[in-house]
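Thank you all for making time for this. I would like to walk through one model, and I will give the cut-offs for each term as we come to it.

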Amino acid sequence: MPRILVAMSGGVDSSTVAALLVENGFDVVGCSMQLWDQSRNDSEPGQGRCCSLDDVYDARRVAEQLGIRFYVLNLQDAFQKSVVEPFVRDYIHGRTPSPCVRCNTFLKFNRLIQFAHSIGAEKVATGHYARITHSGEEFELRKGSDAAKDQSYFLFELTQRQLAKIVFPLGNKNKAETRRIAETRNIATARKPDSQEICFVPDGDYAGFIERHAAELLDCEEWERAAAVLSPGRIQSTSGRALGEHRGSARYTVGQRKGLGLSSSSPLYVVSTDAQSNTVVVGTGEQLLCSSFTVQESHWISGRIPGEAVRCRVKIRSRHEEAEAVVSRLPNRRCRVEFGQPQRSVTPGQAAVFYDGDKVLGGGWIAQQNV
């Protein structure tokens with residue numbers, strides 16, 4: 001049987017993938033990625049979730065249990081440059097990033113496919129809940145069968161070359177089934193809780209992370225900008241009327257309601273932030289609605305850029321319900337997205353992913369709302 005590399009995060013999903021492939025007779029090799037030193041977070045080493053030292057230990061334990069070879073790739077420098085630094089820059093420029101997509105694009109698949117080739121492995125398997133199908137010679141990325149766990153949103157930047165080398169053994173399973181498989185085989189991570197946080201910000205305090213690390217991650221000019229957007233500034237209405245003071249515009253995101261410290265007869269939400277002036281603009285729920293926006297760095301999984309407008313469904317956050325839209329091509333890898341019905345909380349910096357049924361067409365990064 002061919003050799004296959006399994007990306008083992010130390011969780012139940014990837015552990016189950018490795019066990020199933022071993023049972024099916026594949027020559028399985030396990031691999032974990034060391035991405036971030038959790039001791040840099042001013043907490044005890046290894047206390048973060050996903051890719052922490054504890055997770056690497058768990059992955060190694062499962063590999064020993066299965067009797068397979070196991071490697072650890074130290075990708076901390078690449079992770080900092082490709083994921084962490086852009087994450088910080090997005091926040092200080094008024095965007096709300098999605099670092100898990102960037103990690104998949106630049107590290108989890110790009111680097112793992114390279115490593116697989118170096119050890120003679122034909123494929124890379126992961127625990128993602130997504131599926132890969134074929135249409136002729138074209139590879140197609142599709143949603144996982146379990147809608148509650150579908151992770152296709154985070155994979156929209158995969159290429160044809162990468163899809164040809166990837167296997168998603170859990171794509172047709174749900175989470176309960178995965179845990180049952182792990183428990184019946186006494187896999188060491190069978191009852192391990194799922195990771196919820198961004199791996200390098202385990203406490204969920206993004207602003208605190210930026211405060212602690214801006215000086216070491218950014219140049220002098222960017223560090224000064226970070227200090228500015230973490231400082232108090234003006235909260236104003238959409239008409240420009242001053243309403244109060246915020247604790248730093250980088251601490252707020254579009255759609256946020258809590259933490260504004262404002263009194264109002266009706267609920268107020270963050271409608272936009274302006275990093276340049278360190279201003280937070282608030283408005284009503286109706287003012288959060290958006291009919292169209294622009295994406296940049298668009299990517300089409302087929303490798304073919306549509307010449308005409310595409311009718312599809314668009315998801316603007318990982319947990320957003322897709323909405324009918326028309327996607328039109330613009331110069332310089334940009335697209336205009338126009339919704340059939342206005343959508344709430346379109347947020348610059350988030351990924352907008354395009355679907356045709358359960359097929360992922362591609363996506364891009366939300367740049368701005370259009371007037």
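Let me begin with the strands, where two strands are said to pair if DSSP finds at least two bridges between them, and where helices (H or I, at least four residues) and strands (E, at least two) are DSSP runs numbered from the N terminus. Please keep in mind that this is a predicted model, in which local features need pLDDT of at least 70 and side-chain atom pairs count only at pLDDT 80 or more, while totals for chains, interfaces and linings use all residues. Residues are numbered from 1 along each chain as its sequence is written, and side-chain values use heavy atoms, with hydrogens and water left out.

With that in place, strand 14 and strand 15 form a hairpin with three residues between them, and in the turn Asn332 has a positive phi of about 60°. The pairing of strand 14 with strand 15 is antiparallel and runs over six bridges, with Val337 in strand 15 as the bridge partner of Val327. On strand 14 there is also a pairing with strand 13 (residues 310-315), again antiparallel, where five bridges join the two, and here Val327 is the bridge partner of Val310.

There is also an open sheet of five strands, in the order 3-2-1-4-7, with parallel pairing. Strand 3 (69-74) and strand 7 (166-167) stand at its edges, and because each has a single partner strand, one side of each is left without a neighbour in the sheet. Within this sheet, strand 1 (residues 3-7) and strand 4 (residues 123-125) run parallel and are joined by three bridges, with Val6 standing opposite Ala125 of strand 4.

Let me turn to the aromatic residues. Rings of Phe, Tyr and Trp (for Trp, its six-membered ring) pair if their centres lie within 6.5 Å, and planes under 30 degrees apart count as stacked, over 60 as edge-to-face and the rest as tilted. By that criterion the structure holds 15 aromatic pairs. One of them is the edge-to-face pair of Phe87 and Phe200, at 5.0 Å centre to centre with 90° between the planes. This pair links distant parts of the chain, since Phe87 belongs to helix 3 (residues 76-92) and Phe200 to the loop between helix 7 (175-184) and helix 8 (206-217), 113 residues apart.

Ring pairs then link Trp36, Phe79, Phe87, Tyr91, Phe200, Tyr206 and Phe209 into a cluster.

Some of these names return in the nonpolar core, which is a set of buried Ala, Val, Leu, Ile, Met, Phe, Trp, Tyr and Cys residues joined through side-chain atoms within 4.5 Å. Of the 59 residues in the largest such core, Leu5, Phe79, Phe200 and Phe209 touch the most other members, and helix 3 gives the most to this core, with eight residues. A second, separate core of 22 residues includes Val17, Leu20, Val28 and Ala125.

Finally, which residues does Thr96 contact? Thr96 sits in the loop between helix 3 and helix 4 (99-108) and is buried, with a relative accessible area of 13%. With contact meaning heavy atoms within 4.5 Å, and leaving aside neighbours within four places in sequence, Thr96 is in contact with Tyr91, Thr253, Thr347, Pro348, Gly349 and Gln350. The side chains of Thr96 and Thr253 are joined by a polar contact of 2.6 Å, the term denoting a pair of N or O atoms within 3.5 Å where, within protein, one must be able to donate a hydrogen and the other to accept it, and where residues adjacent in sequence count only if both atoms are side-chain atoms. As for Thr347, this residue lies in the loop between strand 15 (334-344) and strand 16 (351-356) and is buried at 4% relative accessible area.

Methods. Buried < 20%, exposed > 50% of the residue type's maximum accessible area, 1.4 Å probe, protein only.
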